[in-house]
Amino acid sequence: SRITMFGDETAFPAMARILETLPTGVEGKATFCGNHPTSLDYPVPDHPGIEVTWHLADEEASMAELVSDALQDGVDDDFIWFAGEKHDAANIRTSFAEAGGLKKNSYIAGYWSAQS
């Protein structure tokens, strides 16, 4: 089975715990999106099947754009895990459904809300 995870700094502890507890046969990608270079020093456990990527929010693509790009490749039976800003989560939920993703194959959560 495959998992694709995306999370901002509010999700780092949850993502680290998932990496720690995933069975060794699971493969996938985990993208940690930070707002400051020091956030990229967060301790993350190694998992043999998961490719970990670090992304700074001020780089060319936002986290929502990274997820959208990943969904362009199709969702098949992959499990999508996302935690970040509430508005981004709503958009990603919609994009995932439009890509043919099944709700049971996702955890897409808004951990915080940006002030308008």
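Glutamate 20 is exposed in this predicted model. Its relative accessibility is 52%, and the cut-off for exposed is over 50%. Glutamate 20 forms a salt bridge with arginine 17. The closest N and O atoms of this pair are 2.7 Å apart. Both residues belong to helix H1, which runs through residues 12-21. They sit 3 residues apart, about one turn of the helix. In an α-helix there are 3.6 residues a turn, so residues three or four places apart point the same way.

In total, the structure contains 2 salt bridges. Aspartate 78 and arginine 2 also meet through their side chains in a salt bridge, at 3.8 Å from N to O. Aspartate 78 is located in the loop between helix H2 (63-72) and strand E4 (79-85), and arginine 2 in strand E1 (residues 2-8), so the contact ties together parts that are 76 residues apart in sequence. Arginine 2, at 35%, is partly exposed. A further distance concerns arginine 2 and isoleucine 80. These residues are 78 residues apart along the chain. Their C-alpha atoms are separated by 8.8 Å.

Helix H3 spans residues 86-98. With 13 residues at 1.5 Å a residue, H3 should span 18 Å. The end C-alpha atoms of H3 lie 19 Å apart, which agrees. Within H3, Ala89, Ile92 and Phe96 are buried. These residues cover an arc of only 65° around the axis, so they are on the same side of H3. His87, Ala97 and Glu98 are exposed. They are carried on the face of H3 turned away from its buried side.

The loop between H3 and E5 was examined next. Glycine 101 lies in this loop. Its relative accessibility is 14%, and glycine 101 therefore counts as buried. The C-alpha atoms of glycine 101 and threonine 10 are separated by 25 Å. Along the chain, these two residues are 91 residues apart. Asparagine 105 is placed in the loop between H3 and E5 as well. At 13% relative accessibility, asparagine 105 counts as buried. Asparagine 105 and tryptophan 81 are 24 residues apart along the chain. A distance of 8.6 Å separates their C-alpha atoms.

Strand E5 covers residues 106-112 and includes tyrosine 107. Tyrosine 107 has a relative accessible area of 34% and is partly exposed. Patch membership requires over 30% relative accessible area, so tyrosine 107 passes that cut-off.

The structure holds 5 aromatic pairs. Ring pairs link a cluster made of Phe12, Phe32, Tyr42 and Trp54.

Key. Residues numbered from 1 in each chain as written. Predicted model: local features only at pLDDT ≥ 70, side-chain atom pairs only at ≥ 80, totals over all residues. Heavy atoms only, no water. Helix = DSSP H or I, 4+ residues; strand = E, 2+ residues; numbered from the N terminus. Buried < 20%, exposed > 50% of the residue type's maximum accessible area, 1.4 Å probe, protein only. Phe/Tyr/Trp six-rings, centres within 6.5 Å; stacked < 30°, edge-to-face > 60°. Expected span 1.5 Å × (residues − 1). Arc of directions from axis to C-beta. Salt bridge = Lys/Arg side-chain N within 4 Å of Asp/Glu carboxyl O.
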